[in-house]
Amino acid sequence: MKYFLNRVHFSLKIALLVLTVSAHHALKAQSFYQYQRSGQLNLYGSAGLTKYFGELHDEKKLGDINPYLALGIRITLPSKWWVRPELTYYRLSAADADLPEGDSRRSRNLSFRSDNFELSGLLVYGLYPKDQRLKTTKIRPYLMAGLGVTYFNPKARYQGKWYELQPLHTEGIDYQKFHLVVPLGFSLGYQVSSQWEIGLEMKYRFTFTDYLDDVSTRYRDPASFPDPIAAALADRRPEIGLDKAPTGSPRGNSEANDGYLLFGLSVQHQLPGRGPVRRRR
């Protein structure tokens with residue numbers, strides 16, 4: 001619990017720092033004697049597909065595909081910069097049984113599914129040139145980077161029932177379900193009207209955990225499990241007629257953390273600006 005609280009506390013401080021600095025520059029750049037610009041606040045939504053990267057994914061196929069949905073707001077800053085806080089639901093899943101014939105990982109017979117949430121803050125920069133007549137171009141490429149926190153809860157199906165894997169300590173590791181993520185991405189938008197923009201987005205999440213799939217290190221001694229269900233889900237080789245894995249043999253690859261890619265369509269709607277704002281005396 002202490003580890004989890006420290007990670008969450010750190011991530012909240014970084015997110016608050018980014019938002020505070022951005023808001024400070026936004027207010028500093030605008031005169032209170034001027035009209036408030038239209039489109040300072042935008043509603044944002046995105047939906048599409050999620051691709052999982054980890055011990056169970058297939059590098060040669062576009063498998064392990066699942067849906068995602070993101071909602072947020074985009075706050076305009078000076079000189080083609082924006083801040084975009086957003087909440088994302090995404091699903092990850094994979095199974096060794098779906099790997100190609102000849103892949104040695106098929107003998108593990110491991111699988112997982114996880115419904116996850118992410119809260120992140122992105123800094124967005126527009127790469128399009130300024131046009132004095134049109135103010136901006138219709139086609140708008142963007143770069144995105146930020147920081148977030150994700151919650152994940154891998155599960156596996158056994159004898160017709162889904163079991164949460166983290167409480168079972170399948171590798172003897174008490175990992176946390178909350179971790180930091182670093183989002184990086186690219187977007188190509190099209191300005192449909194003065195208030196609506198649609199686009200394509202590709203965003204990768206670098207994580208600080210190798211347990212999105214509950215697979216990372218080595219096989220645990222079967223005799224150390226107090227629960228036979230946990231022992232069965234830790235080593236699923238016997239389900240396909242193989243001997244149990246030797247204690248301490250590789251179950252995953254702890255040298256690389258897991259990650260996930262989001263690819264989808266986005267929609268942004270500019271909220272109308274308010275009237276003139278005067279300085280209070």
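A polar contact is taken here as a pair of N or O atoms within 3.5 Å, where within protein one atom must be able to donate a hydrogen and the other to accept it, and where residues adjacent in sequence count only if both atoms are side-chain atoms. The structure is a predicted model, in which local features need pLDDT of at least 70 and side-chain atom pairs count only at pLDDT 80 or more, whereas totals for chains, interfaces and linings use all residues. Residues are numbered from 1 along each chain as its sequence is written, and side-chain values use heavy atoms, with hydrogens and water left out.

By the polar-contact criterion, the side chains of Glu86 and Arg205 are joined at 3.4 Å, and the side chain of Glu86 also makes a polar contact with that of Arg84, at 2.7 Å. Glu86 belongs to strand β3, residues 81-95 (helices, H or I, of at least four residues and strands, E, of at least two are DSSP runs, numbered from the N terminus). With a relative accessible area of 2%, Glu86 is buried (buried means under 20% relative accessible area, exposed over 50% and partly exposed in between, with a 1.4 Å probe and protein chains only). When neighbours within four places in sequence are left aside, the residues in contact with Glu86 include Tyr44, Leu71, Glu118, Leu122, Lys203 and Arg205 (contact means heavy atoms within 4.5 Å).

Asp214 is buried yet has no salt bridge, the nearest side chain of opposite charge being Arg251, 4.2 Å away. A salt bridge requires a side-chain nitrogen of Lys or Arg within 4 Å of a carboxyl oxygen of Asp or Glu; Lys and Arg count as positive and Asp and Glu as negative, while His and the chain ends are not counted. Not counting residues up to four places away in sequence, Asp214 touches Pro154, Leu165, Gln166, Thr170, Glu171, Tyr175 and Arg251.

His57 lies in the loop between β1 (41-53) and β2 (65-77) and, at 10% relative accessibility, counts as buried. A polar atom of the His57 side chain lies 2.7 Å from the backbone oxygen of Gly54. Beyond four places in sequence, His57 touches Lys51, Tyr52, Asp64, Leu99 and Arg105, and its C-alpha atom is separated by 7.8 Å from that of Ala95, 38 residues apart along the chain.

A search of the whole structure finds 11 aromatic pairs (rings of Phe, Tyr and Trp, the last by its six-membered ring, pair if their centres lie within 6.5 Å, with planes under 30 degrees apart counted as stacked, over 60 as edge-to-face and the rest as tilted). One of them, between Phe53 and Tyr204, is edge-to-face, at 5.8 Å centre to centre and 65° between the planes; this pair links distant parts of the chain, Phe53 in strand β1 and Tyr204 in strand β11, 151 residues apart. Phe53 is partly exposed at 26%, and Tyr204 is likewise partly exposed at 23%. Tyr128 and Tyr142 form an edge-to-face pair at 6.1 Å centre to centre, with 85° between the planes. Tyr128 is buried, with a relative accessible area of 3%, and Tyr142 is buried at 2%.

Lys80 lies over the face of Tyr128, at 5.6 Å from the ring centre, and Arg74 lies over the face of Trp82, at 4.3 Å (NZ of Lys or CZ of Arg must be within 6 Å of the ring centre and within 35 degrees of the ring normal).
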